[in-house]
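Please walk me through the salt bridges in this structure, stop by stop, with something to select at each one.

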Amino acid sequence: MKLVGALIVGVVVAAAIAGPWLVPFDPAAQELALRLEGPSWLHWLGLDELGRDILARVLTGARVSLLVGLVVVSVSASIGAALGAIAGYYGGVIDEVVSRVMDVLLAFPGLLLAIAVVAVLGPSLANVVLALALIGWVGYARVVRAQVLQAREFEYVAAARAIGADTPRILIRHILPAAFPALSVQATLGMGGAILSEAALSFLGLGVQPPTPSWGAMINYGRAHVLDAPHLTVFPGLAIAAVVLGLNLLGDSLRARFDLND
Amino acid sequence: MLRYLARRLLLTIPVLLGVATLVFALIHFIPGDPARAILGDVASEADIAQLRQQLGLDRPLAVQYVAFLGGLVRADLGTSLRTGSPVTNQIVERLPATFELALAAMVVALTLAIPLGIAAAVWQGTAVDHTAMTLSLAGVSMPNFWLGPLLAIVFGVELGWLPVSGRGGLEHLVLPAISLGAALAAVLARMTRATLVDQLRQPYVLAARARGLSRTRAVLLHAFPNSLIPIVTLAGLQIGAVLTGAVITETIFAWPGIGRLLVQSIGFRDYPMVQGCILLISVTYVGVNLIVDLLYGVLDPRIRYR
């Protein structure tokens, strides 16, 4: 399963990088005479409502999705790991404050807060990343906090403290590595989640704005043509499902490898 | 039990206050002047001043905050900028549709997930298990805003069996409920498998088998009831995903619920309505979590004494 997951993710990453060399069409170039045309030898996935090559747009959309996934996971994991480690290690008032902020953010179901934030800040790629990171860090903070609470009681941490290691060194060198397995599982699954969320926001018109291709927005525009040109909806959706499935398989295998609970 | 109930209720108050504060702050996150952002650049200064007054933005922040909280206590969420009618009334009108959809999605999810999870656990490590778990992973990975249009193409357009938009009889509910319930089913199937596998390893199952019970009876009458608590708990906790998913599903199937109202209000920059919808969905989520927690305490007395 790990191999299948890695293979899917690897193919998507390679296709996203090599996109412009794989397809001889500009994702923004329009052939209005051929609009809504189905898959053919020339245009493998067909053309959209403005006569743009869907394969070229799916590949460019892959870059957007992977970029959002990577940035959201990096920012969320950095903030979450730092706050979770500090809260777990120091405890007391700091832990109380961080935990209550987490409680409030967790009280908003799933994407809702991201929808709200993008609704007020305005739809753009940067605001999508900001909104997803704003809710995303909580998951990492919880994981790291729980691991740190455990690890700080270990004897090797007491030994490090006894030989005079300062707090940042204890946290970075001795405690955080213990949280790495859980963190890597969370990051892999979180990347799939971030890609799905970006696509959902773009589907609602709150994410990446035209003419930049985004899988979610492509599905949204394709909805108007489900009767006459279902390929507009089918292919971007397949791309999302494939990459998220790949990341989920990878995350699951990592979880099993590190023997972590579901 | 009463002490447990009181403690859980007390713990919910700061969370609700935090949610209300964040929802209040939303309108202040709008870059620049919120009134100008809502009305656009072509609006006159007089109109902008009037809207500022209507939204209470001309008052000091602390006064606005206290007035907002006071309004919440009276179930007054302000006035819609688009329709001019109270936000609360419009939300209350839409509530039954969203609850109906959420409930139907939950029924779909449990109906699909439990047999799949049981099969995967009983035939653990076999092709049945791998197929069931791959299916459930695919379900989790499939966006509902893709599944929805696909279901509409097949069952609404090609086969003509079911309507693809609006709310009416049971037939209107089928496609939105499947679209919303599929991902939830996937999560629940995995949970069912995990808890049942754990229960099947317990000595009481072996004892039941030793007493001569068939494998099916040992699984269905002994192990499965014991794995129901975490499954039901998770199903309750997944209501958050259902409520968020409803925002998208209602948009796809033109289902007249709160999710659709939220998306429409965002389009019209009707921020009091956006605030109202977000607040109501979040408070519902907190409420359901509380009920699930309390039920958990009832079902498993060990929880209460921690």
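Before selecting anything, note that the model is predicted. Over all chains, a search of the whole structure finds 13 salt bridges.

**Stop 1: A:R57 and A:D48.** Select both side chains in chain A. Buried or exposed: which describes A:R57? A:R57 has 6% relative accessibility and therefore counts as buried, since the cut-off for buried is under 20%. A:D48 is also buried, with a relative accessible area of 6%.

**Stop 2: A:D103 and A:R100.** Stay in chain A and select helix α3, residues 92-106. A:D103 and A:R100 are 3 residues apart in this helix, so about one helical turn separates them. Display the two side chains: the closest N and O atoms of this salt bridge are 2.9 Å apart. A:D103 is partly exposed at 27% relative accessibility, and A:R100 is partly exposed with a relative accessible area of 37%.

**Stop 3: B:D76 and B:R74.** Move to chain B and select these two residues. Colouring by accessibility gives B:D76 as partly exposed, with a relative accessible area of 39%. B:R74 stands at 59% relative accessibility and so counts as exposed, the cut-off being over 50%.

**Stop 4: a network.** Which residues do salt bridges with shared partners join into one network? Select A:D48, A:E49, A:R52 and A:R57 together: these make up that network. The pair from the opening stop, A:R57 and A:D48, belongs to it.

Conventions: Residues numbered from 1 in each chain as written. Chains lettered and ligands numbered in written order. Predicted model: local features only at pLDDT ≥ 70, side-chain atom pairs only at ≥ 80, totals over all residues. Heavy atoms only, no water. Salt bridge = Lys/Arg side-chain N within 4 Å of Asp/Glu carboxyl O. Buried < 20%, exposed > 50% of the residue type's maximum accessible area, 1.4 Å probe, protein only. Helix = DSSP H or I, 4+ residues; strand = E, 2+ residues; numbered from the N terminus.
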